[in-house]
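User: I would like to learn how to read aromatic pairs and surface patches in a model. Please take the general idea and then the case.

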Amino acid sequence: MGRLLALGAVAGLLLTATLPPFDLWWLGPVGVAVLAVVLPSLGWRGRLVAGLGAGLGWFVPGLWWVTQFHVVGWVAIVAMEAGLLALGMAAVPRRWVPLGLPAGFVLVEAVRGRWPFGGLPLAGLDLGQVAGPLLPVARLGGHLLLVAAVGLAGVGLAALVRRRAGAVTAGVCLGVTVVMAGVGTVAPDGERAGERAGERPGERAAAGLSVAAVQGGGPRGVRAVESDEREVLERHLEASAGVRAGTDLVL
């Protein structure tokens with residue numbers, strides 16, 4: 001059990017490395033691949049333990065920032081989030097890991113996004129792909145399809161190290177992932193939704209708005225009470241300089 005817990009923790013740490021400030025997006029599929037290699041040989045109890053280890057390796061550091069607010073709350077949140085992942089991995093069918101593992105991650109992220117108290121979708125598998133080439137998949141089916149794409153990529157990588165039928169599984173999983181990312185790249189992004197032919201110059205399209213989101217930010221780990229308000233304002237103004245003229249709404 002200790003070995004399974006440790007292997008799961010390795011997978012979880014790889015998933016954590018995809019999150020800011022590390023942003024190593026490519027380690028997301030690698031972390032999933034570790035679980036995809038381990039789970040097929042385990043019963044439901046073993047999958048539960050491996051999933052718990054992955055949850056601890058993922059959320060202990062991934063949600064560490066919560067300790068700045070409440071240490072006991074951080075312990076409770078980590079226990080809850082790791083428990084959800086453990087249950088999700090235990091539910092993965094032993095003989096259907098190529099489909100079950102991505103589905104398990106999608107199920108876990110769907111629950112995390114809604115429960116408890118309306119959900120806590122922070123440190124999610126999808127957030128680690130913001131800087132990666134799989135991000136356009138979100139245009140096709142939102143963040144849950146992006147989670148599924150990461151899961152498929154991980155299963156494909158794991159299949160490459162298998163001797164039997166590995167090439168077929170790897171080709172299908174990685175091929176579907178690449179196709180989704182490619183289609184998402186060329187899919188409309190709604191940047192000027194509702195624009196019509198014959199509209200008067202400057203007239204707002206009735207069917208939609210162009211929106212820009214701006215977050216100036218600042219050094220990580222600095223609390224608001226320790227920040228200079230003027231510097232924060234200047235960062236927001238600097239970030240706002242890139243907003244295109246004619247944008248209807250700036251957040």
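**Aromatic pairs and a surface patch**

Analyst: The count of aromatic pairs here is four, where rings of Phe, Tyr and Trp (its six-membered ring) pair if their centres lie within 6.5 Å, with planes under 30 degrees apart called stacked, over 60 edge-to-face and the rest tilted. Trp 58 and Phe 59 are stacked, because their ring centres are 4.5 Å apart and their planes at 15 degrees. This is a predicted model, in which local features need pLDDT of at least 70 and side-chain atom pairs count only at pLDDT 80 or more, while totals for chains, interfaces and linings use all residues. Residues are numbered from 1 along each chain as its sequence is written, and side-chain values use heavy atoms, with hydrogens and water left out.

User: How is a pair of rings described in general?

Analyst: By the distance of the centres and the angle of the planes. Trp 58 also forms a tilted pair with Phe 105, at 6.4 Å centre to centre and 50 degrees between the planes. This pair links distant parts of the chain, 47 residues apart: Trp 58 lies in helix 3 (residues 44-62) and Phe 105 in helix 5 (residues 97-112); helices are DSSP runs of H or I with at least four residues, numbered from the N terminus. Trp 58, Phe 59 and Phe 105 make up one aromatic cluster.

User: Is Trp 58 buried or exposed?

Analyst: Buried means under 20% relative accessible area, exposed over 50%, and partly exposed in between (1.4 Å probe, protein chains only). Trp 58 has 1%, so it is buried. Phe 105, at 0%, is buried.

How values were computed
Helices (H or I, at least four residues) and strands (E, at least two) are DSSP runs, numbered from the N terminus.
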